[in-house]
Amino acid sequence: QDPNKICTTFVLACCCAMAAGCLLRRRREDFSNADLLNMKARHAEKTRQPAQLSVADEIARVSIELFKQTQRVDGQTVLSSFVAVNSQNCARVLSYGVGTKVAAIDLIANDKDGIVLRDMHAEVLARRALVRHCYEEERVLRQDERLFLYCSSMPCGNSTIRRWAKVKPPPEDPTQPHAPFHILAPGQVDVLCKRHPGFCSNLTIPKWLPNGCTPMLDNSLLSHTCSDKIARWIALGPQGALLSKAFGRLNIHGIIMGRKFSFEHARRAFCCRIPINNFSHPLLLGTPLKLDDSIFQSESDGAHFDHRCYAWWPSLGLEPELLDGQTGKKMDGNPSALCKREIFLIWHKKHGEQGDYSPCSKKRSSSYAEAKRIYAAEWYQRDKAALFSQSPFSRWATADPSFDDFFQSFTTQCTS
């Protein structure tokens, strides 16, 4: 053989070996640094700026720690919380919810008194617990605090549709305005419903539809997905109609997500498909901190999610409300403090004490539904009408008025 060729081959082999060694050392250094920072993150998460990462991680940390301090759940579940964060990035939990269940259709159909919780997904329970906290505290947010929503996993519905968006790293500066949003297909932004136990439909389910969801149906007994509800809270605030005068619009400054975080899918689901302009787009951040270390599966994949659900707000101390995900009530069979009837009762008491809604008031409503119409702030009624008049929210399932027609009687009497 030619000695020159042998030497050339040997030199090339040595160069390749050296290059491979350098690459391996760099990879080891990368993994070592990731371990030091406790970063068990996906590629997209590694590109985030440390300052923004610390805010997201602090929100996730305080939420997970409070939940584990107050309750222990065996197996998989989902945690969501509303968190107040001040200018020093100190976070405190205002409410949390844990759960993945919705009540059976027959229980909902027979609930004429507003005592069954239809939707016990974590995000919905966290929001209802926040509303309860608002009634118990005159001022929920302090002067320099902003409101964040934390979800241990991407909320069900639109945000889990893995289509119509390229999966790419989130922007380096999450505070920058979101890029223009282009609708490629109706299903890309459509509102969806959750599949309730006992509900049967012959409707063909598209293959791209996420597990546990169904296309929008003309059925007032079904619940919208959490992605749809969060978009509504972003547009109108999570405080709801009855508190819209007292609290104004509670703006959700940011949403922190754990498992399966995707910026492009999150912005589509929570803000960029909203057809009105009177709202602020939230920060959308991921966190590598996990609620547990198990391999996450959906129920359709054979995973078991406990039927027990939990809701917490500060006045409960270290004892969250334990709910039965099969009945929509507390485990002892009594109505939850978060059901419509109990919320309506505390609203009556609050306004009765302030004289705005006394038993002798000429403005006294006859039902929960009428109270929301009469006492909602003008801005809330205006923005809600604008939101639901345009696609895709014009297809929002309209609740049957008879289910909100219950009336909470007063115990006090008119003295005049």
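Modeller: A pocket here is an open set of grid points where a 1.4 Å probe fits, with protein on both sides within 12 Å along at least five of seven lines. The model is predicted.

Colleague: How much space lies in the largest pocket?

Modeller: About 1400 Å³. Its lining is made of 49 residues, and the closest to the centre are Arg232, Lys340, Lys372, Ala399 and Asp404.

Colleague: Which elements give two or more residues to that lining?

Modeller: Five helices do: H5 (122-136), H6 (226-236), H9 (340-354), H10 (368-375) and H11 (378-387). H5 provides the largest share, five residues.

Colleague: And what is the lining like by class?

Modeller: There are 26 nonpolar, ten polar and 13 charged residues in it.

Colleague: Switching topic. Which residues have the most contacts inside the largest nonpolar core?

Modeller: Ile255 and Ile274, in a core of 77 residues. H5 turns up again, giving this core its largest share, seven residues. Another core, of 23 residues, lies apart from it and includes Val73, Leu79, Phe148 and Leu291.

Colleague: What does Ile255 touch?

Modeller: Leaving out residues up to four places away in sequence, Ile255 touches Leu149, Ile230, Ile234, Phe270, Pro282, Leu283, Leu284 and Leu285.

Colleague: Now the sheet. How many strands form it, and in what order?

Modeller: Eight, in an open sheet with mixed pairing, ordered E9-E8-E5-E1-E2-E10-E11-E12. E9 (283-286) and E12 (329-330) are the edge strands, each pairing on one side only.

Colleague: Do E5 and E8 run parallel or antiparallel, and how many bridges join them?

Modeller: Parallel, with six bridges between E5 (residues 146-153) and E8 (residues 252-259). Phe148 stands opposite Gly254 in E8.

Methods. Residues are numbered from 1 along each chain as its sequence is written. This is a predicted model: local features need pLDDT of at least 70, side-chain atom pairs count only at pLDDT 80 or more; totals for chains, interfaces and linings use all residues. Side-chain values use heavy atoms; hydrogens and water are left out. On a 1 Å grid over the protein atoms alone, a cavity is a set of points where a 1.4 Å probe fits but cannot get out, and a pocket is an open set with protein on both sides within 12 Å along at least five of seven lines; lining residues have an atom within 4 Å of a point. Grid points are joined across faces, edges and corners, and a volume is the space filled by probe spheres set on the points. Helices (H or I, at least four residues) and strands (E, at least two) are DSSP runs, numbered from the N terminus. Ala, Val, Leu, Ile, Met, Phe, Trp, Tyr, Cys and Pro count as nonpolar, Asp, Glu, Lys and Arg as charged, and the others, Gly among them, as polar. A nonpolar core is a set of buried Ala, Val, Leu, Ile, Met, Phe, Trp, Tyr and Cys residues joined through side-chain atoms within 4.5 Å. Buried means under 20% relative accessible area, exposed over 50%, partly exposed in between (1.4 Å probe, protein chains only). Contact means heavy atoms within 4.5 Å. Two strands pair if DSSP finds at least two bridges between them.
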